[in-house]
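Thank you all for coming.

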Amino acid sequence: MTLGYDERLPLYQRLREEMLAKIAAGEWSPGAPIPTEAELTRLYGVAIGTVRKAVDTLVNEGLLLRSQGRGTFVRRPNFDASLARFFRQVNASGGREIPTSRILSKALQKPSGEIAKALALKGGEQVLRMERLRMIEDRTLFHEEIWLPASRFIVLLDIDSDTFGDLLYPFYEKQCGQCIASARETLTVGSADAEMAGTLAIGEGDPIVVIERTALGYDRSPLEYRLSRAAAANFRYQIDIC
């Protein structure tokens, strides 16, 4: 197979782009093994050193994962781990839990300039906005606003909200064929207005933590923009310094 892309790029970089295109197109699925080095060498007619360098690049970028004795897999990241680092997600018995979810609303709308920029939308493109709660034992831990490009996620509008489940990214993949590969997060501190105070069962003006997330596909295109808000009393920051 002849490699496309800019011939001025090093050969391993062109192979890396070809492999990334297969991941982005869903030909190589998250969690599934990619072809072996020998198979890639035969498929693309390049030296094994070129294959290894291309694979190394994607491993270092966090898109592939090597498993000793098993092969190399398309990496499926655990995004809930980011929330677990910063918030006490415990039930009444003190055990750790993944919050359950409740979709409050979903609707098509015209995005604000901020949302359009975050999702790299062109003029006139709509978004699907969802509002949801994440809860532990009927106690609201997070309030979330989520915006998705309507052109990619429109089918979600007609799906019963009760069937979405607690983890959205596997649901996106199953229903829309859109795979989230990575995300950028920013944490800031604000204060609760009357409505948010009621939602989070805190006092008006109490401090809240706001988590801004832009989730990207394997081709680095933005697929989701999300604002999560939680009571600052549940927030903790810990880092090991060596």
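Two strands are taken to pair if DSSP finds at least two bridges between them, and the strands themselves (E, at least two residues), like the helices (H or I, at least four residues), are DSSP runs numbered from the N terminus. Please keep in mind that this is a predicted model, in which local features need pLDDT of at least 70 and side-chain atom pairs count only at pLDDT 80 or more, while totals for chains, interfaces and linings use all residues. Residues are numbered from 1 along each chain as its sequence is written, and side-chain values use heavy atoms, with hydrogens and water left out.

Let me start with the sheet. Six strands form an open sheet with antiparallel pairing, and their order is β3-β4-β5-β8-β7-β6. At the edges stand β3, residues 100-109, and β6, each of which pairs on one side only. From one strand to the next, the twist averages 15 degrees; for angles, axes are lines fitted to C-alpha atoms, for helices over the stretch in contact, and the values run from 0 to 180 degrees between N-to-C directions.

Within this sheet, the antiparallel pairing of β6 with β7 extends over 10 bridges, and here glutamate 185 stands opposite arginine 213 in β7. Helix α7 (residues 168-176) packs on the sheet, where it touches β4 (127-136), β5 (139-149), β7 and β8 (222-231), and the direction of α7 makes about 155 degrees with that of β8. Contact, here and later, means heavy atoms within 4.5 Å.

What joins the side chains of glutamate 185 and arginine 213? They meet in a salt bridge, at 2.6 Å from N to O, a salt bridge being a side-chain nitrogen of Lys or Arg within 4 Å of a carboxyl oxygen of Asp or Glu. Because glutamate 185 lies in strand β6 (residues 182-191) and arginine 213 in strand β7 (residues 207-216), the pair ties together parts that are 28 residues apart in sequence. Arginine 213 is buried, at 6% relative accessible area, whereas glutamate 185, at 28%, counts as partly exposed; buried means under 20% relative accessible area, exposed over 50%, and partly exposed in between, with a 1.4 Å probe and protein chains only.

The structure holds 11 salt bridges, and I will mention a few others. Glutamate 61 and arginine 16 meet through their side chains at 2.8 Å, N to O, in a salt bridge, and this pair links distant parts of the chain, 45 residues apart, with glutamate 61 in the loop between α3 (48-60) and β1 (64-67) and arginine 16 in helix α1 (residues 11-24). Arginine 16 counts as buried at 8% relative accessibility, while glutamate 61, at 32%, is partly exposed.

Arginine 66 forms a salt bridge with aspartate 56, with 2.6 Å between the closest N and O atoms, and so that pair also deserves a look. Arginine 66 is partly exposed at 38%, and aspartate 56 is partly exposed at 33%. There is also a network of salt bridges that links Arg132, Glu144, Glu224 and Arg226.

Leaving aside residues up to four places away in sequence, phenylalanine 73 touches Gly31, Ala32, Pro33, Leu63, Leu64, Leu65 and Ser67.
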